[in-house]
Amino acid sequence: MRKHILCLLLVTLIAGCGNTPTTAPPAAATTTVAYTPAPAPSPTLDVATPESVGRGFLSAWEVGDYAEMYALLLPSLRAGLAQADFERAYRSALDLTTAISVTLTPQTLSIDKDNAWITFTEVWHTGLFGDLQAANQLSLVKENAQWGVNWHRDTIWPDLVSGATFAVEYQIPPRANIYDRNGAGLAIPSTIVTVGVIPQQIQDETAVLNALTQALGLTVEKIQSTYAGQPAHWFIPIQDIPGETSLAYNDLLSLPGIQRRERTGRLYPLDGVASHVIGWVSPIPAERYDTYRQRGYRGDELVGIAGLEAWGESILAGTNGGRLSIVGADGTHIKSLVERRPERGRAIYTTLDRELQHSAERALGERRGAIVALDVQTGAILALTSGPHFDNNVFIRLTDTWSRQMVLNDPNLPLLNRALQGVYPSGSVFKIITIAAGLEAGGLTAESSFFCPGYWDGLGEMNRKVCWLETGHGDITLKNGLSASCNVTFYEVGRILNSVAPDTLSTYGRTFGFGAKTGLQEFADAPGLIPDPEWKQATYREGWGTGDTINLAIGQGFLLVTPLQVARMMAAVANNGTLYRPYVVDRVVDSSGNVEPIAQPQATGRLPISQANLTIIQEALYAVTTASFGTATHRFQGLNIPVAGKTGTAEQPDKDALPHSWFAGYFPADNPQIAMAVLVENAGEGSTVAAPMFRQVIEGYYGLPITPLPTPAAVPEGD
């Protein structure tokens, strides 16, 4: 089993090679024959012939079975060589050279009475230097009627004689940057300063504590507890800060007893703007150390752990270079084997707009929720915000353990990317799909008339359903029913569609992009759920009822969607019907300015609706923010950028919890450029929270005064 596992871990890389001669067998050898490889030996060691011993030793070496190799050594040799030392000799040589696997090819077998030699070619497939090749020989001796390997360290590599070892000098290129679409930095180089104290050098502890409190933002108690009881002559690190902060507090941090130590690091500007997208770098995790070593890493680099830092690790980090040499036991240089020059990493340019992203993050604040903005004409992700926000800089400030633990242990799960992984009922945003199905498959028109008394008894008085407007909307057309988000209108549309076919509305939901992953390649997104009769039968062993369609018609019931899916649907409505695959990486650029496009706009579907009916929906969405009966008109008054959109209030199974608040739309409504979805968990009605927040994002993006969020109303304002 161990052999199979080791084999699965071996990966072959390509590069140059080095050749080293081997010592020929003695001239007195009486027999020399061509060596023909044979099948691997059985688990029972065969030591009757030099062929079987040599074959077994080399085969075990190829799969890293050091225990079997050790068992094939001469008994007298094993008596003075511990198995752990034998294994360590191989492992350290392979680790130093970043060897991934070894290929051993026997050439000839020579026998002279009780001595034998097998010449073989060894090729080490390394992560850093490519293939290293040498000619070597395996010495065997017959002892007590059994053959064994007469092992020396040069059996590993022919140059490892007289205490010589491998030595590696690494050349590590700087990590490349991550930018937004306009070249604004999202992950850039920075100087990180570790501020600490040497207790025995402190002359005025009060002054030192006051200085550190101002510069680091920590309490006196926290600072004192860090160095209390520590050796007085040690440097005791207290906190990492950016180089800019160190300069700003230079005078305070120059007091006797305070010491600063600089290192090159990574900075995520604006307190970690787009932290869920960018991710972060950290030291190589212990469980992945061997993997990175085999890829040519020295082992002490910072590597991508999450987000684009992880997705683009090979792009950003480039390729390490280095020089492999043989040095003597005293450290003197003996010979150079191979040198590989480093390759600089390439910068990643994302589709994000840093100003729009930052505006969305400010609007969402510390609330649980998400804001996603897409380019209407391409599907490019312009902003992808998940809340609560976290500052990814805490993962590169190694001394900031308290802040990291706050992020990791926060019950609000700030590391969860709610924009992609959060699934929610959409509430009345789904009515866009319901009206589309009604117009296309239900025989309805924009002027189809309905009457809303504030309730609906279509399933019988015992199953009465209500409208969000308790007094009712009275006589209302289908088109105005969407703008006013009249539940009664859409209950009736749902009933009509169910009579056409129980799965009609579900089918339309899928063609609008719900119930499946969006095609985003840089990150994993949830598929959500579009329920239908087949799904309900398989899941609950129950048939589909009219009530299931009625619930789906207003975005409730079993329906689950992601904010990204909703933004994608709104972009398709805005661009006249094309569903695009979302993407967040636009291009990579090398240090010479050469550009490699990574993604191009890719249409993945069309909304199943005529242009005439789509125009009806677009006009109704514009009326949501402009007509007297629109559910969000009062939220967009005075904004000189026209908005089309839809409010949504998604009820929860827990009746004591506030509903999720939605607003999805696009702007400018008369020339759509950006589609956006705002979702705030357990916040209230869509018109009260999400719609005003949508406005705040626009205001921040265009540099307009920010309109404060309203105080929740005592009565419903619009679903």
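**Close-up views of a predicted model**

Trp-280 has a relative accessible area of 11% and is therefore buried, where buried means under 20% relative accessible area, exposed over 50% and partly exposed in between (1.4 Å probe, protein chains only). The structure is a predicted model, in which local features need pLDDT of at least 70 and side-chain atom pairs count only at pLDDT 80 or more, while totals for chains, interfaces and linings use all residues. Residues are numbered from 1 along each chain as its sequence is written, and side-chain values use heavy atoms, with hydrogens and water left out.

**View A. Trp-280 and Phe-390 form an edge-to-face ring pair.** Rings of Phe, Tyr and Trp (its six-membered ring) pair if their centres lie within 6.5 Å, and planes under 30 degrees apart count as stacked, over 60 as edge-to-face and the rest as tilted; by this rule the count comes to 28 aromatic pairs. The centres of Trp-280 and Phe-390 are 5.9 Å apart and the ring planes stand at 90°, so the pair is edge-to-face. Because Trp-280 belongs to strand β11 (residues 280-283) and Phe-390 to the loop between β17 and α15 (401-409), the pair ties together parts 110 residues apart in sequence. Helices (H or I, at least four residues) and strands (E, at least two) are DSSP runs, numbered from the N terminus. Phe-390, at 3% relative accessibility, also counts as buried.

**View B. Phe-636 and Phe-694 join two helices through their rings.** With centres 6.2 Å apart and planes at 75°, the pair is edge-to-face. Phe-636 lies in helix α25 (residues 633-636) and Phe-694 in helix α26, so parts 58 residues apart in sequence are tied together. Phe-636 is buried at 6% relative accessibility, and Phe-694 is buried at 0%.

**View C. Five strands form an open sheet with antiparallel pairing.** The strand order is β17-β16-β28-β27-β26, two strands being paired if DSSP finds at least two bridges between them. Because β17 (381-387) and β26 (644-650) each have a single partner strand, one side of each of these edge strands is left without a neighbour in the sheet. Strands β27 (residues 660-667) and β28 (residues 674-680) pair over seven bridges, and Ala-664 has Ala-677 of β28 as its bridge partner.

**View D. Arginines lie over the rings of Phe-235 and Tyr-455.** A charge sits over a ring if NZ of Lys or CZ of Arg is within 6 Å of the ring centre and within 35 degrees of the ring normal. The charged end of Arg-261 is 3.9 Å from the ring centre of Phe-235, and Arg-464 lies over the face of Tyr-455 at 3.8 Å from the ring centre.
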